[in-house]
Amino acid sequence: MGFTDFLSDAGLTLLNNWVKTRSYIVGYTPSQADVKCFQQIKTPPAPEKYPYAWRWYNHILTFESEFDTLPGDPTKDHTAYGPESAELTLNPAKAPEKEEDDDEVDLFGSDEEEDQEAERLKAERLAEYNKKKASKVKPAAKSVVTMDVKPWDDETSMTELEANVRAIEKDGLVWGASKLVAVGFGIKKLQINLVVEDEKVSLDELQQQIEEDEDHVQSTDIAAMQKL
């Protein structure tokens, strides 16, 4: 009863037939049943020989980081899942005669029904993918910037100038390392690195805010900028 192994041709054929019209081993969402069966497969099924098992395997692979949180009984073995009769799935010609109660049950269905089911599964998988993609938060676009801050003269306190620059706080702004660079006549400029989130911080506005320190700052320039 249920799956036996996923290493032999017979075992993989059984799995391939089982997921031909199913997205998951049990139900309509990924569960511990999928996890247990997935973990028994050491090598991905060959797509040309087991196309439905290959499709199922790669779909479940996308949930690998969530295996521990998926619903279901983690103590059950993979043999607890699958068809009640492996012989029926592997070799329909040897299936026992249907009882009277099963007269109206079509075990195999028509090609048209299979096509409709395949389209339904395709639409279901696409909807699941789009939902998962939409739920992922895209990382914010950031830039690494090197800014030059020039003082008025060699008598300007560079310690106070840098302190005033770093005192500026904004959401999406992180100040980095800095150094003093000689520009001539005993004057040194402050060269400071910063990381900004592009959608939150305007460099033009930041430069204007720094230049408002008229007692220390003559001007500012962007020396370098690179997207993260």
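## Exercises on a predicted protein chain

The buried residues of helix H7 are covered by S1, H6, S2, S3 and S4, among others. Contact means heavy atoms within 4.5 Å; helices (H or I, at least four residues) and strands (E, at least two) are DSSP runs numbered from the N terminus.

The model is predicted: local features need pLDDT of at least 70, side-chain atom pairs count only at pLDDT 80 or more, and totals for chains, interfaces and linings use all residues. Residues are numbered from 1 along each chain as its sequence is written, and side-chain values use heavy atoms, with hydrogens and water left out.

### Exercise 1: the chain as a whole

Task: State how many helices and strands the protein chain has, and in what pattern they follow.

Solution: 
- Step 1. The protein chain has seven helices and four strands.
- Step 2. Along the sequence they give α-α-α-α-α-β-α-β-β-α-β.
- Step 3. Of the contacts with a separation of 6 or more, 70% are between residues 24 or more positions apart.
- Step 4. Of the 228 residues, 30% count as buried (buried: under 20% relative accessible area; exposed: over 50%; partly exposed: in between; 1.4 Å probe, protein chains only).

### Exercise 2: the sides of H7

Task: Find which residues of H7 are buried, and where they lie around the axis.

Solution: 
- Step 1. The buried residues of H7 are Leu203, Leu206, Gln207 and Ile210.
- Step 2. These residues cover an arc of only 100° around the axis, so they are on the same side of H7. The arc is that of the directions from the helix axis to the C-beta atoms.
- Step 3. An α-helix has 3.6 residues a turn, so residues three or four places apart point the same way.
- Step 4. Asp204 and Gln208 are exposed, on the face of H7 turned away from its buried side.
- Step 5. Take Gln207, which sits in helix H7 (residues 203-211). Gln207 has a relative accessible area of 13% and is therefore buried.
- Step 6. Not counting residues up to four places away in sequence, Gln207 touches Met147, Thr220, Asp221 and Ile222.

### Exercise 3: the buried side of H6

Task: Name the buried residues of helix H6 (residues 158-166), and say what they pack against.

Solution: 
- Step 1. Met158, Leu161 and Val165 are the buried residues of H6.
- Step 2. Their arc around the axis is only 60°, so they are on the same side of H6.
- Step 3. The buried residues of H6 pack against strand S1 (142-151), strand S2 (173-184), strand S3 (187-197), H7 and strand S4 (217-227).
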